[in-house]
Amino acid sequence: MVDLTKQFSKLYDDNVVKIYRFIYLKVESKQVAEDLTSQVFAKGWARFRAITDIKNPTAYLYQIARTEIVDHLRVRTKFRMVSLDNVEVADNKQNLAEKQAINSDLEGVRKALKQLDEDEQNVLIMRYLDEQPFKTIALALDKNEGAIRVMVHRALKKLKEGLGDVTK
Amino acid sequence: MEFSTIKQLKKLQGVKPEIEWTKSLKEQILKGDHYYLNAPAVWDVFGLMKRSWVLSSVVALLLVSSGFFAYTTYINKMFVQDLLARLNTTNQSINQTKLVASLEEMKTSLQVISGSLDNLKLAKNKKEALVTASVVKATAKYGQVTVQNIRASDGGVVDGKVLASLNETEKQFQNMEKMATAVQNEFIASLIADLKTRSLTVNNAELLKKAEEDFTAGRIEEAAMGISWINQ
């Protein structure tokens, strides 16, 4: 049990920011993202203890996260759009002007990312933001590695076009 | 490779949760304090009931109604079983009485039939013979109906021997009916043949012709009726 706690602790430390970001970019609300992230790790911990041979725990966490996002989007009746102005950007040493600049940049990228379909968003987030290997992405999205690589390439191209539209 | 696009995309790596929040969440989860980890399992009805008065009410209602249902089913079963037991006893005695009575009737009917057939063979008056033949047929049919009724109501309570007797009686009745029909047909045929040798009025000749046509076509009753209208 101590061993499991240690293992899960490490898993948590390695992935909490990534999972949070993965969820946040879909739900656009800090509170909802926190809530869903906590669900993901609580469920992950419960299953981690019950199933001893999870092949790729990181991919497993992403699978849970996807499910939580889908369930949340399905049941919500009102959705309050929270702009990136309210996002806590990690570096508190930055001054307000810098923060504003970063936030408007983020807003542009976020909008461009939103134009892609679900899977395309997922592969880009997991590959470039979370820096996950193709194997983990494939497991998390239940596709084969080859398909993921192709998807990444296409999604990137689409994002580029989208970013071009956003800056116009 | 789309380097500038990736660089732009990587700006989103700035989206991070608060450090304090992540620490607190970790502690919660590993200590088991998280509400998901404390939620009662689906099968832990009592645990769930503590959380929801609606669920508690529903469960209580289900328990009460299923208890009531079980009780009434038990009572009904006991009552029905008792009733059936009584009915079976009663049925048995009723059926046997009926059977005995019916058998007596059948015996009587058989005697009537036997007697009637004897009378038929000896009859000189054709009208009298026709009437007797009809009685024989009716009695035979009555006998068959009686046997069927008893069979429908006995529900397996009938004693094997009695049933065998009934079967035998039924066969006899059927035979009687056939015999009665054959005798009747033979009689009508002989009447027609006899009348054809006689000198008849035009009206009577036509009646005879019609009777013969009816008889040939199997309309025995009509033929018999027609013959009875012929005045001698």
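## Helix packing in a predicted two-chain model

Val16(A) lies in helix H1 of chain A, which spans residues 2-27. The model that holds this residue is predicted. Val16(A) counts as buried because 23 C-beta neighbours fall inside 10 Å, the cut-off for a buried residue being 20 or more. Its C-alpha atom is 7.6 Å from that of Thr37(A), a residue 21 positions away in sequence. Once the neighbours within four places in sequence are set aside, Val16(A) is in contact with Thr37(A) and Phe41(A), and also with Thr22(B) of the other chain.

**The two chains**

Chain A contains seven helices and zero strands, and its elements follow one another as α-α-α-α-α-α-α. Chain B likewise has zero strands, with nine helices, and reads α-α-α-α-α-α-α-α-α from the N terminus on.

| Chain | Residues | Share buried |
|---|---|---|
| Chain A | 168 residues | 38% |
| Chain B | 232 residues | 21% |

In chain A, 64% of the contacts with a separation of 6 or more involve residues 24 or more positions apart. In chain B, among contacts between residues at least 6 apart in sequence, 60% join residues at least 24 apart.

Val40(A) is part of helix H2 of chain A, residues 30-50. There are 27 other C-beta atoms within 10 Å of Val40(A), so the residue is buried. Beyond residues up to four places away in sequence, Val40(A) touches Ile19(A), Leu61(A), Ile64(A), Ala65(A) and Glu68(A). For one of these, Glu68(A), the separation along the chain is 28 residues, while the C-alpha atoms are 7.3 Å apart.

Several of these partners belong to the neighbouring helix, H3(A), including Leu61(A) and Ile64(A). H3(A) covers residues 57-75 and packs against H2(A) at an angle of about 135°, the two axes being 9 Å apart. H2(A) and H3(A) are therefore oblique to each other, since angles over 145 degrees would be needed for a roughly antiparallel pair. The crossing of H2(A) past H3(A) is right-handed. On the H2(A) side, the contact is made by Val32(A), Leu36(A), Gln39(A), Val40(A), Lys43(A), Gly44(A) and Phe48(A). H3(A) contributes Pro57(A), Tyr60(A), Leu61(A), Ile64(A), Ala65(A), Glu68(A), Ile69(A) and His72(A). By class, the residues of this contact between H2(A) and H3(A) comprise ten nonpolar, three polar and two charged.

**The contact between the chains**

How many residues does each chain bring to the contact? Chain A supplies 34 residues and chain B 23 residues. On the side of chain B that touches chain A, helices H1 (3-9), H2 (19-31) and H3 (35-38) of chain B each supply at least two residues. H2(B) gives the largest share of that side, six residues. The side of chain B that touches chain A is made up of eleven nonpolar, six polar and six charged residues.

H2(A), which packs on H3(A), also meets H2(B). The axes of H2(A) and H2(B) come within 10 Å and cross at roughly 35°, in a right-handed crossing. The residues in H2(A) that take part are Glu34(A), Ser38(A), Phe41(A), Ala42(A) and Trp45(A). Their partners in H2(B) are Trp21(B), Leu25(B) and Ile29(B). The contact of H2(A) with H2(B) divides into six nonpolar residues, one polar and one charged. Phe41(A), listed here for H2(A), is also one of the contacts of Val16(A).

**The faces of H9(B)**

Helix H9 of chain B runs over residues 220-229, and its buried residues are Ala223(B), Ala224(B), Gly226(B) and Ile227(B). Viewed down the axis of H9(B), these buried residues fall within an arc of 160°, so they line one face of the helix. An α-helix has 3.6 residues a turn, so residues three or four places apart point the same way. On the face of H9(B) turned away from the buried side are the exposed residues Glu221(B) and Trp229(B).

Terms used
Residues are numbered from 1 along each chain as its sequence is written. Chains are lettered from A and ligands numbered from 1 in the order in which they are written. This is a predicted model: local features need pLDDT of at least 70, side-chain atom pairs count only at pLDDT 80 or more; totals for chains, interfaces and linings use all residues. Helices (H or I, at least four residues) and strands (E, at least two) are DSSP runs, numbered from the N terminus. A residue is buried if 20 or more other C-beta atoms lie within 10 Å of its own, exposed if 12 or fewer, and partly exposed in between; C-beta atoms are placed from the backbone. Two residues are in contact if their C-beta atoms, placed from the backbone, lie within 7 Å. Ala, Val, Leu, Ile, Met, Phe, Trp, Tyr, Cys and Pro count as nonpolar, Asp, Glu, Lys and Arg as charged, and the others, Gly among them, as polar. Axes are lines fitted to C-alpha atoms, for helices over the stretch in contact, and angles run from 0 to 180 degrees between N-to-C directions. A crossing is left-handed if the near helix is turned anticlockwise from the far one by less than a right angle, and right-handed if clockwise. Angles under 35 degrees count as roughly parallel, over 145 as roughly antiparallel, 65 to 115 as roughly perpendicular and the rest as oblique. The arc is that of the directions from the helix axis to the C-beta atoms.
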